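Me: I would like to go through this model and ask, for each label, what value stands behind it. Please set each value against its cut-off before concluding.

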Amino acid sequence: MGAVNVFSSKGDVAYAELRERILSGRLAPRSRLAQHELAAEMGMSLTPLREAIRRLSSEGLIDLDTQRDARVASMSASEARQLFEVRLSLDPTAAGLAAERRTDDDIAALRTAAARLLPVTRAWGEEALTAHRAFHRALYLASRNDVLIRMLDDLWDKSDRYRRIGLELPPGEEPRTRDHREHHELVDLVAAGDANEARALMHEHIERSLTGSAIDALEERERCTAGEAKSEAS
């Protein structure tokens, strides 16, 4: 029994590490996974690493072919838009439930998270993204709906690769100022128990999010790539 627990633990470690590398962009989309090198870096055998690869393949983050070759899944405007559409539905639901169910501790956690927010721009990078995630997760937790929280956690993680594309875009002063203001307005609405307004504001907030900007950038990039391929073929 002990050996099984050790194996599961190593598989979990490999899974968490690989997932973080993919979502953060340290492992680039479509890049091949050098499994022997990765196992050596993580100080483990190939078995738990392959367990992690299978798990990540089931989540759509790794592509496996018939030869057991593993590559980081590509990114596309289509996937980004699908993630965006689901968040556009679920985030407002979480905000509304949070306004109805929040406790004093939830409000305190939201205000603490809001105070740590930074402009989500290239200059602040990962620190800003981490603070942004912490704020939204505090709001999700206040919804008191475990199924919804798990779904939104997964959506947030999968959207992270696309947020990083958004970071590279010219931010503009007004959008980032508005984004920062909306977080604080959401806290006030949740604290006031105004579920309808919290849902409405969250819907607008997601519509103007980094993922939305990333979709536009990806669609333009894909159009350019398709145009270049067509020119080369003609």
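Me: Which residues of the largest nonpolar core touch the most other members?

Reply: In this predicted model, the largest nonpolar core has 42 residues, and those that touch the most other members are Leu110, Phe135, Leu139, Tyr140, Leu152, Tyr162 and Ile165. Two or more residues come from each of helix 4, helix 5 (104–115), helix 6 (125–142), helix 7 (146–167), helix 8 (173–192), helix 9 and helix 10 (210–233), and helix 4 gives the most, with 11 residues. Besides this core there is a second, separate one of 20 residues, which includes Tyr15, Met42, Met44 and Leu56.

Me: With which residues is isoleucine 165 in contact, leaving aside its neighbours within four places in sequence?

Reply: Once those neighbours are set aside, isoleucine 165 is in contact with Met75, Ala214, Ala217, Leu218 and Arg221.

Me: What makes helix 4 roughly antiparallel to helix 9?

Reply: Helix 4 (residues 77–101) and helix 9 (residues 195–207) pack at an angle of about 150 degrees, with their axes 8 Å apart. Angles over 145 degrees count as roughly antiparallel, and therefore helix 4 is described as roughly antiparallel to helix 9. The crossing of helix 4 past helix 9 is right-handed.

Me: Which residues meet where helix 4 contacts helix 9, and how do they divide into nonpolar, polar and charged?

Reply: From helix 4 come Phe84, Arg87, Leu88, Asp91, Pro92, Ala95, Gly96, Ala99 and Glu100, which meet Ala195, Ala198, Arg199, Met202, His203, Ile206 and Glu207 in helix 9. The residues of this contact comprise 9 nonpolar, 2 polar and 5 charged.

Me: Why is arginine 30 called exposed, and what is its phi?

Reply: The cut-off for exposed is over 50% relative accessible area, and arginine 30 counts as exposed because its relative accessibility is 56%. Arginine 30 lies in the loop between helix 1 (2–24) and helix 2 (35–42), and although it is not a glycine, it has a positive phi of about 70 degrees. Most residues other than glycine have a negative phi.

Conventions: Residues are numbered from 1 along each chain as its sequence is written. This is a predicted model: local features need pLDDT of at least 70, side-chain atom pairs count only at pLDDT 80 or more; totals for chains, interfaces and linings use all residues. Side-chain values use heavy atoms; hydrogens and water are left out. Axes are lines fitted to C-alpha atoms, for helices over the stretch in contact, and angles run from 0 to 180 degrees between N-to-C directions. Helices (H or I, at least four residues) and strands (E, at least two) are DSSP runs, numbered from the N terminus. Angles under 35 degrees count as roughly parallel, over 145 as roughly antiparallel, 65 to 115 as roughly perpendicular and the rest as oblique. A crossing is left-handed if the near helix is turned anticlockwise from the far one by less than a right angle, and right-handed if clockwise. Contact means heavy atoms within 4.5 Å. Ala, Val, Leu, Ile, Met, Phe, Trp, Tyr, Cys and Pro count as nonpolar, Asp, Glu, Lys and Arg as charged, and the others, Gly among them, as polar. A nonpolar core is a set of buried Ala, Val, Leu, Ile, Met, Phe, Trp, Tyr and Cys residues joined through side-chain atoms within 4.5 Å. Buried means under 20% relative accessible area, exposed over 50%, partly exposed in between (1.4 Å probe, protein chains only).
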